[in-house]
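This report describes one predicted model.

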Amino acid sequence: MAFHNDLALDEALDALDPLRHLMHEQDSSSSHSSTSSRSPSPSPSHHAKTTALPLLPKQRRTVHNETLHLEFAHTSTGAEAEQRPPIAITLVVDAGPGCGGIAWPAGEVLARYLVQRGAAYVRGRTILELGSGTGLVGLVAAKLAHSDASAGDGHVWITDQAPLLDIMRRNTRENALEEQVSVAEFNWGTPLPVDIPVPDLVLAADCVYFEPAFPLLVQTLAALVDAREDRGSRGETEVLFCYKKRRKADKKFFSLLRKSFTWTEVRCAE
Ligand SMILES: C[S@@+](CC[C@H](N)C(=O)[O-])C[C@H]1O[C@@H](n2cnc3c(N)ncnc32)[C@H](O)[C@@H]1O
């Protein structure tokens, strides 16, 4: 069969294995290794060397119930910075409940970005994370918001599909954030659960990888912004969306998104 372009080839391969780009990366965490300290690394692609046995398919290491210690440094320099300890998160990772059970690079980048923006950016806000997986980004947001005395009354909701709820709850407990963080099931394309308030800030990291979910995610993002009007809340909803570019077909997500949203690219400080 001949393919006219890379996109057509991508689509044909995706039809055979929809998650191939997500699970077959060479080393998805290496490009952001300066983001945090981590031990051991839960990279989704620790392939065993197969050069000596070229006929065997590449083998992936399974992450099972490991604990990472991640740190996200504040960017300010000088004496003030020395007095401010980094935001430290203990993160249990386990691929058992699904791909979201490990820490993905865009999640670490978004967490790092939030810490660079500083506590004032998240303090007092209602924050909702979509596709939280382990809960990393939302947990960092909550810890950052409460990293100084003037914490305010904001709250963070970390959400995902049912199989991820246990690991999110566990990570919330590990970081003693039960009062600041709520864990909830929220499937894209379904209405915002009534007990989740309209968020001021929506976070989503590494949620562009599975084509059938693209319209559902766009629908949910649009509904979250509209919910503000529907529920009579004031102000605006801001969405921070961080993703790792994996393949040409990802463009389809942004074509769909363009129908409902405009966006600005954010540059992270080095
Ligand atoms: C690649 S993981 C990223 C996890 C986490 N945000 C991170 O950066 O480490 C994508 C997450 O999206 C969630 N997800 C996928 N489809 C979903 C859907 N239809 N509704 C809700 N969550 C979904 C998965 O369960 C998974 O946790």
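## Overall composition

The chain contains 9 helices and 7 strands, where helices (H or I, at least four residues) and strands (E, at least two) are DSSP runs numbered from the N terminus. Of its 270 residues, 35% count as buried. A residue is buried if 20 or more other C-beta atoms lie within 10 Å of its own, exposed if 12 or fewer, and partly exposed in between, with C-beta atoms placed from the backbone.

Among contacts with a separation of 6 or more, 76% come from residues 24 or more positions apart; a contact requires C-beta atoms, placed from the backbone, within 7 Å. Residues are numbered from 1 along each chain as its sequence is written. Because the model is predicted, local features need pLDDT of at least 70 and side-chain atom pairs count only at pLDDT 80 or more, while totals for chains, interfaces and linings use all residues.

## Ligand shell

The ligand is surrounded by 23 residues, and the closest are Gly-100, Trp-104, Gly-107, Gly-131 and Gly-133. The criterion is a C-beta atom, placed from the backbone, within 6 Å of the molecule. By class, the shell has 12 nonpolar, 9 polar and 2 charged residues. Here Ala, Val, Leu, Ile, Met, Phe, Trp, Tyr, Cys and Pro count as nonpolar, Asp, Glu, Lys and Arg as charged, and the others, Gly among them, as polar.

An unreviewed UniProt entry places the feature "binding site" at Trp-104, Gly-131, Ser-132, Gly-133, Asp-160, Trp-188 and Ala-205. UniProt positions are given in the numbering used here, feature names are shortened, and annotations may be inferred rather than shown by experiment.

Gly-131 lies in the loop between strand S3 (126-130) and helix H6 (136-145). Gly-131 counts as buried because it has 26 C-beta neighbours inside 10 Å. Not counting residues up to four places away in sequence, Gly-131 touches Gly-100, Asp-160, Ala-204 and Cys-207.

Trp-188 sits in the loop between strand S5 (181-185) and strand S6 (201-205). With 21 other C-beta atoms within 10 Å, Trp-188 is buried. Beyond four places in sequence, Trp-188 is in contact with Leu-130, Ala-213, Leu-216, Leu-217 and Thr-220.

In H6, 10 of the 10 residues are buried, so H6 is largely enclosed by the rest of the structure. Lys-143 is one of these buried residues.

S6 runs parallel to strand S7 (residues 238-242), joined by 5 bridges; pairing requires at least two DSSP bridges. The chain passes from S6 through helix H8 (residues 214-230) to S7 in a right-handed β-α-β crossover, meaning that, with the strands pointing away from the viewer, the path from the first strand over the helix to the second runs clockwise.

Key. Two residues are in contact if their C-beta atoms, placed from the backbone, lie within 7 Å.
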